[in-house]
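Please look at the structure shown below and work through the questions that follow it. Each answer sets a value against the rule that gives it its name.

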Amino acid sequence: MLKALADVAGKAVTLVITVMAARTLNADAFGVMALAMATGWLLGVATDAGLSMHLARETASGHDRQLLIEVLRLRAGLAYLAATMIAFFTPQIVPGNWKMQFVLIVFAQLTGAIIETVAHFFRGIQRSEIEAAIHASYRLATLALALIVLVWWPRLDFLGAAMLIPAVFAMLVSMLIAWRLSSVGNREPGTGNRPGFLTPARFFSDVLPLGAGVLLSALYFRIDVYFIERWQGLEAVGGYNAVFRLVEAMRLLPAAVMAVTFPMLVRTTDTRLVQCIGGALAIAGLALAVVCASGSSLIVPLIYGAPYLYTAPTFAILAFALPLFFLNYALTHQVIAWDGQRAYLLIAALALVANVAANIVLVPSQGLNGAAIATVLTEVVVTIGCLYTLVQHKSSARGFITKVHHEGSLS
């Protein structure tokens with residue numbers, strides 16, 4: 001419950017900052033902010049490389065300090081190496097006069113990603129209250145500083161600093177607490193410290209595959225902003241990001257549901273449970289889609305102001321992805337619950353290919369609406385891939401066959 005509330009608070013903070021930035025920054029600055037946040041988030045996922053999940057899983061069986069140090073050292077090294085490299089490529093992403101602002105926000109996003117990795121340690125030792133407290137304090141401090149900047153000094157460089165400073169403090173505090181809660185590993189007689197937990201062989205065989213599927217799903221989720229920037233410009237990126245944030249906020253509902261029900265999906269032996277959960281989520285998503293699509297011309301200007309009315313059709317199209325978003329939360333969790341990481345990796349790869357192809361075809365002629373359509377089509381690919389995987393699973397097949405036999409159809 002604490003973790004869910006902290007996640008809600010975090011998403012709410014991001015949405016409020018986005019809304020305030022849209023209302024106070026000029027169109028190009030808001031577009032650079034959107035592009036930087038997407039870039040930082042994608043780099044955060046990429047440099048995680050499965051380390052967070054590995055840390056949580058291994059910590060659950062022992063609070064070893066050596067494991068914590070090895071993971072965080074590699075995690076931070078990868079993150080800031082990526083940040084340093086992206087600084088050199090920034091002129092190819094945004095105009096040169098926006099370089100410093102772009103890099104500041106990317107650094108803030110990557111620092112937040114490191115905080116999330118430390119949070120997985122707290123999950124592993126079942127101290128979610130510490131994670132929630134750090135997350136809430138950090139996000140609320142970010143909100144306070146960001147609002148002060150946007151009200152009194154609405155400049156993107158100041159906003160980037162306001163996002164980075166609380167993240168750095170939260171990272172240091174979380175690392176210190178995690179270090180104090182960890183225990184020194186046992187020593188083997190006559191050998192000194194135990195051998196390293198994170199050898200190269202183990203990293204590439206056990207850890208990296210955990211992050212590959214997540215990275216591909218992150219790419220197909222946000223790569224559209226780069227196509228929009230390439231063919232439609234920074235202002236269009238800002239507009240698309242604005243309405244996408246509204247859709248993203250609604251995804252908290254299925255995320256909260258799956259956080260509670262995932263252990264049950266691990267234990268289930270057929271697909272009846274996932275059909276029940278997925279069906280309920282899809283209905284909820286459909287209800288939200290109808291409301292958002294029919295009221296898009298009122299909702300968007302009410303939240304972002306009249307200048308963003310042009311994004312209302314895009315918001316309406318994205319809304320129709322909500323039932324699929326909600327359903328796919330249940331389906332992908334069931335695939336992973338049945339040790340289907342490789343299948344999930346393949347599904348994410350196919351979805352990425354479909355998303356890139358759709359964006360290349362649609363964005364040049366349809367603009368923001370084309371990117372929204374590509375998002376809907378991508379979720380269709382994910383749905384089909386998950387359903388096929390679950391049908392092929394030996395436990396799943398029994399559930400589907402039984403249901404077809406008794407009801408004559410699949411729900």
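Q: Why is Arg-75 called buried?
A: Arg-75 has a relative accessible area of 1%, and buried means under 20% relative accessible area, exposed over 50%, and partly exposed in between, with a 1.4 Å probe and protein chains only; Arg-75 is therefore buried. This is a predicted model, in which local features need pLDDT of at least 70 and side-chain atom pairs count only at pLDDT 80 or more, while totals for chains, interfaces and linings use all residues. Residues are numbered from 1 along each chain as its sequence is written, and side-chain values use heavy atoms, with hydrogens and water left out.

Q: What makes the pair of Arg-75 and Asp-48 a salt bridge?
A: The side chains of Arg-75 and Asp-48 meet at 3.6 Å, N to O, and a salt bridge is a side-chain nitrogen of Lys or Arg within 4 Å of a carboxyl oxygen of Asp or Glu. The pair links distant parts of the chain, since Arg-75 lies in helix α4 (residues 65–93) and Asp-48 in helix α2, 27 residues apart. By the salt-bridge rule the count comes to seven.

Q: What makes the phi of Ala-49 worth a remark?
A: Phi of Ala-49 is near 55°, a positive value in a residue other than glycine. Most residues other than glycine have a negative phi. Ala-49 sits in the loop between α2 (27–48) and α3 (51–59), and its relative accessibility is 6%, so Ala-49 counts as buried.

Q: Why is Glu-229 called partly exposed, and which residues is Glu-229 in contact with?
A: Glu-229 has 23% relative accessibility and therefore counts as partly exposed; its place is in helix α9 (residues 224–232). Contact means heavy atoms within 4.5 Å, and, leaving aside neighbours within four places in sequence, Glu-229 is in contact with Leu-35, Ile-93, Leu-234 and Val-237. Leu-35 is 194 residues away from Glu-229 along the chain, yet their C-alpha atoms are separated by 8.4 Å.

Q: What makes a group of residues including Leu-145 and Phe-158 a nonpolar surface patch?
A: Patches are made of residues with over 30% relative accessible area and no salt bridge, like charges being joined within 9 Å and nonpolar side chains (Val, Leu, Ile, Met, Phe, Trp, Tyr) within 5 Å. The patch of about 870 Å² is made by Leu-145, Ile-148, Val-151, Trp-152, Trp-153, Phe-158, Ile-165 and Phe-169, its area coming from the Shrake-Rupley method with a 1.4 Å probe, where for residues only the protein chains shown count as cover. Helix α6 (128–152) and helix α7 (156–181) each supply at least two residues of the patch, and α6 gives the most, with four. Phe-158 is in helix α7, and at 35% relative accessibility Phe-158 counts as partly exposed.

Q: How many helices and strands does the protein chain have?
A: The protein chain has 18 helices and zero strands, where helices (H or I, at least four residues) and strands (E, at least two) are DSSP runs, numbered from the N terminus.
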